[in-house]
Amino acid sequence: MAAVARAVQYDPAWVERYRAAQIERVARIDAVAKESIDASREVLADLQTVNKGDDPAAWRELRRRAVFTKYLTIYRTLADPAYLDLSIDPDDRAMGSLFAFPTRSMRTMAEADSLAR
């Protein structure tokens, strides 16, 4: 999305491709997050088999791997064409405003079974 000083109107086909790309991005982020959660659960299962008193080093390593899961830094979470194209989900918001009610596309994505929003 380009930084502009006036309202624009994006080509509907571009908006459709943009929204599809957002959904694909959420799916990729979710896959990484779910993989990290699954890895943590597997390590927790392994942790149950190690006696802390018999092998404290192994217990600490498994505990560390179970507790400290992967952190995800997600950029561009507020990139929404509707901020600049007021014809998308029209309401009384100001052009460029981040303080509007969520757009239909954002609600649809949030209602999906996803970790990334």
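Accessible areas here come from the Shrake-Rupley method with a 1.4 Å probe, and for residues only the protein chains shown count as cover. On that basis, the chain exposes about 8,700 Å², with carbon and sulfur atoms supplying 56% of it. The structure is a predicted model, in which local features need pLDDT of at least 70 and side-chain atom pairs count only at pLDDT 80 or more, while totals for chains, interfaces and linings use all residues. Residues are numbered from 1 along each chain as its sequence is written, and side-chain values use heavy atoms, with hydrogens and water left out.

Helices (H or I, at least four residues) and strands (E, at least two) are DSSP runs, numbered from the N terminus. The chain has 3 helices and 0 strands, and reading along the sequence gives the pattern α-α-α. Of the 117 residues in the chain, 26% are buried; buried means under 20% relative accessible area, exposed means over 50%, and partly exposed lies in between (1.4 Å probe, protein chains only).

Charged pairs come next. Side chains of opposite charge can pair when their charged atoms come close. A salt bridge is a side-chain nitrogen of Lys or Arg within 4 Å of a carboxyl oxygen of Asp or Glu, and a search of the whole structure finds 2 of them. In one, Arg 19 pairs with Asp 80, and the closest N and O atoms are 2.9 Å apart. Arg 19 belongs to helix α1 and Asp 80 to the loop between α2 and α3, so this pair ties together parts that are 61 residues apart in sequence. Arg 19 counts as buried because its relative accessibility is 12%, and Asp 80 is buried too, at 1%.

Another salt bridge joins Glu 61 to Arg 64, with 2.6 Å between the closest N and O atoms. Both residues sit in helix α2, 3 residues apart, which is about one turn of the helix. Glu 61 is partly exposed, at 33% relative accessibility, and Arg 64 is also partly exposed, with a value of 41%. Helix α2 (residues 56-67) holds Arg 65 as well, and its relative accessible area of 40% makes Arg 65 partly exposed. Although Arg 65 and Ala 39 are 26 residues apart in sequence, their C-alpha atoms are 8.6 Å apart in space.

The surface carries patches, which are made of residues with over 30% relative accessible area and no salt bridge; like charges are joined within 9 Å, and nonpolar side chains (Val, Leu, Ile, Met, Phe, Trp, Tyr) within 5 Å. Lys and Arg count as positive and Asp and Glu as negative, whereas His and the chain ends are not counted. The place of a charge is taken as NZ of Lys, CZ of Arg, CG of Asp or CD of Glu. Glu 35, Asp 38, Glu 42 and Asp 46 form a negative patch. Asp 46 lies in helix α1 (residues 12-47) and is partly exposed, at 40% relative accessibility. Val 32, Leu 72 and Ile 74 make a nonpolar patch of about 200 Å². Ile 74 is in the loop between α2 and α3, and its relative accessible area of 34% makes Ile 74 partly exposed.

Finally, Ser 36 is placed in helix α1 and counts as buried, at 13% relative accessibility. Leaving aside residues up to four places away in sequence, Ser 36 touches Thr 69 and Lys 70.

Key:
Contact means heavy atoms within 4.5 Å.
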